[in-house]
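This report covers a pocket, the domain layout and the nonpolar cores of one protein. The sequence and structure come next.

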Amino acid sequence: MKLSKYLLPTLKEVPSEADTVAARLMLRAGMIRKVASGLYEWLPFGLRALKKVERIIREEMDRIGGQEVWLPTLQPKELWEESGRWPVYGKEMMRVKDRKDGEFCLAPTAEEVVTDLVRREVRSYRELPLLLYQFGEKFRDEIRPRFGVMRAREFYMKDAYSFHADESSLDKTYDDCYAAYGRIFERCGLKFRPVEADTGAIGGKSSHEFMVLAETGEETIAACEGCGYAANIERADAPPPTAPTDGHQHDELKEVDTPGVGAVEAVAKLLKLPAEKFLKTLIYVADGKPVVAVLRGDTELNEPKLQRALAAKQLFKASEEIYRQVAGCEPGFAGPAGLNAAIVADHAVADVVNAVSGANKTDKHLVNINVGRDWRPARYADIRMIRPGDKCPRCGKAVAFFKGIEVGHVFKLGTKYSSAMNAGFLTEKGEKSPFLMGCYGIGVSRVLAAAIEQCHDDNGIIWPAGIAPFQVVVLPLNVSEPKVVEAAEKIYEGLKAKGVEVLLDDRDQRAGVKFKDADLLGLPWRVTVGERKLAEGKVEIKARAAGGGEDVPIEKAVDVLLNRIKL
């Protein structure tokens with residue numbers, strides 16, 4: 001491709017809307033353009049890279065027996081009502097009506113549609129297992145779209161769904177997809193880590209996320225270098241409690257004034273006590289009923305863990321009105337004693353003796369409150385965030401924390417959707433049984449953004465070879481000099497003839513402009529054709545990821561590049 005004929009509008013200035021490295025470089029490198037908040041056009045250079053990722057994914061999904069389908073983006077409300085998710089998915093779902101007032105959504109995911117397809121077409125255990133996958137746009141009405149294509153309202157995704165007659169079959173396909181994802185991200189040239197994850201709105205049982213490691217990542221990973229345990233911060237288990245409270249003296253319960261001071265940090269400062277001596281009382285609503293979470297004052301609630309502990313379909317923080325109804329006081333002064341609601345206490349609470357908590361009276365706190373004597377939880381559970389200093393819950397060694405970008409997610413859904421939607425098959429005995437299901441997604445557009453977040457320098461992108469839009473850029477530095485143009489064209493045509501994807505910068509621009517754009521675009525290899533070295537019968541070949549270049553004879557340039565690219 002000749003750059004003079006290619007739609008590749010690079011930018012010198014950083015666009016004002018660019019809030020991450022990837023967003024900045026994708027806009028500057030002419031890969032995407034913003035249409036509206038969270039909506040982007042993909043230009044030829046960006047689309048080439050996107051299709052590279054898509055091809056790798058398709059090859060690996062086909063390798064494990066996946067069959068590609070094309071499912072509708074516009075999905076009817078009725079299917080989502082069958083699964084029970086229409087009222088609970090949230091405001092992120094884009095809902096629309098047609099001219100007949102029929103209600104639909106723009107697909108945020110495809111569990112309902114694919115389950116409906118399979119329940120209509122598959123009858124017998126003999127037709128299982130079945131692994132279907134598709135590529136397509138997904139839509140989520142993010143309240144604050146950000147990070148360019150990383151958290152956009154429209155994005156490109158591969159989602160796959162498997163259907164099984166038994167657990168062993170589901171386990172095998174799950175393992176196959178897990179391994180395929182590893183190969184996909186390796187071929188994309190990424191440093192990544194699979195971690196245990198929360199199932200979120202999709203539901204299900206076992207779940208792993210694939211995280212691209214990047215300092216700019218919005219996800220936090222807790223990982224043990226000893227035993228290999230790794231989990232998303234929302235899923236990471238906190239270590240078990242260290243010691244029982246038996247044998248400790250329970251002092252007299254007292255009420256103290258704390259006018260206008262409700263937050264743990266502020267009350268701790270007022271009473272001159274450490275935060276770990278406090279009980280943090282939080283009020284939520286789970287499936288329409290108020291619940292109370294109690295944690296040690298120096299820890300933070302992990303909402304997904306609380307939701308799992310309650311087996312709740314919906315969980316949200318209580319409004320101030322509900323807070324007052326449950327605690328009888330203004331927000332900030334609730335405590336666990338005397339509440340008329342189910343209490344879930346974090347394990348660490350059991351070790352806190354003579355604690356401080358809200359008194360369920362505005363501007364009042366209790367000192368020397370003790371579990372067992374003054375209040376009792378309905379149950380204990382791990383409901384807190386793991387934090388620096390915590391030990392690995394598996395082996396007890398230190399846990400390290402990393403930043404990452406989620407690019408893939410695999411789930412074991414079980415019968416969550418098949419049971420709800422009456423989707424099943426006839427067993428060997430002729431009995432109807434619900435499909436066991438798995439779900440496997442990759443954010444294709446996200447992979448590109450994550451790759452750029454991980455692979456760049458101050459000058460621009462450094463493309464991994466597997467997903468680079470082109471492998472080589474040829475730079476004739478003076479297009480008014482016939483010999484320079486002739487040599488550049490010869491290398492360009494020689495590479496094309498060997499199947500190399502090559503970009504020829506034949507623009508009439510200064511050498512400095514061409515070098516800057518070449519670094520910005522970040523193609524793996526650059527060939528520079530200049531008058532001075534051409535007079536010596538040589539050109540310069542330079543790897544984008546390396547420091548210096550190498551001078552090679554013109555007649556050997558194509559062969560040298562073929563050897564480096566390993567075609």
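## Lining of the second largest pocket

In this predicted model, strand S14 (279-286) is the element that gives the most to the lining of the second largest pocket, with 6 residues. Helix H6 (264-271), helix H8 (320-327) and strand S18 (355-358) also supply at least two residues each.

The second largest pocket holds about 450 Å³ of space. Its lining comprises 28 residues, and the closest to the pocket centre are Lys 280, Thr 281, Leu 282, Tyr 323 and Gly 332. Sorted by class, the lining has 15 nonpolar, 7 polar and 6 charged residues.

## Domains

The domain assignment divides the protein into domain 1 (14-236 + 401-452), domain 2 (254-381) and domain 3 (470-566). Between the C-alpha centres of domain 2 and domain 3 the distance is 66 Å.

In soluble globular proteins, nonpolar side chains tend to be buried together. Here the largest nonpolar core has 66 residues; those touching the most other members are Met 31, Phe 45, Tyr 181, Phe 185, Tyr 440, Trp 463 and Leu 503. Domain 1 and domain 3 each contribute at least three residues to this core. Another core, of 26 residues, lies apart from the largest one and includes Tyr 492, Val 529, Leu 534 and Val 539.

Leaving aside residues up to four places away in sequence, Phe 45 touches Tyr 6, Leu 8, Ala 29, Gly 30, Met 31, Trp 463, Pro 469, Phe 470, Leu 521 and Leu 523. Among these contacts, Met 31 and Trp 463 are, like Phe 45, listed with the core members that touch the most others.

Methods
Residues are numbered from 1 along each chain as its sequence is written. This is a predicted model: local features need pLDDT of at least 70, side-chain atom pairs count only at pLDDT 80 or more; totals for chains, interfaces and linings use all residues. Side-chain values use heavy atoms; hydrogens and water are left out. On a 1 Å grid over the protein atoms alone, a cavity is a set of points where a 1.4 Å probe fits but cannot get out, and a pocket is an open set with protein on both sides within 12 Å along at least five of seven lines; lining residues have an atom within 4 Å of a point. Grid points are joined across faces, edges and corners, and a volume is the space filled by probe spheres set on the points. Helices (H or I, at least four residues) and strands (E, at least two) are DSSP runs, numbered from the N terminus. Ala, Val, Leu, Ile, Met, Phe, Trp, Tyr, Cys and Pro count as nonpolar, Asp, Glu, Lys and Arg as charged, and the others, Gly among them, as polar. Domain bounds come from an automatic or database domain assignment. A nonpolar core is a set of buried Ala, Val, Leu, Ile, Met, Phe, Trp, Tyr and Cys residues joined through side-chain atoms within 4.5 Å. Buried means under 20% relative accessible area, exposed over 50%, partly exposed in between (1.4 Å probe, protein chains only). Contact means heavy atoms within 4.5 Å.
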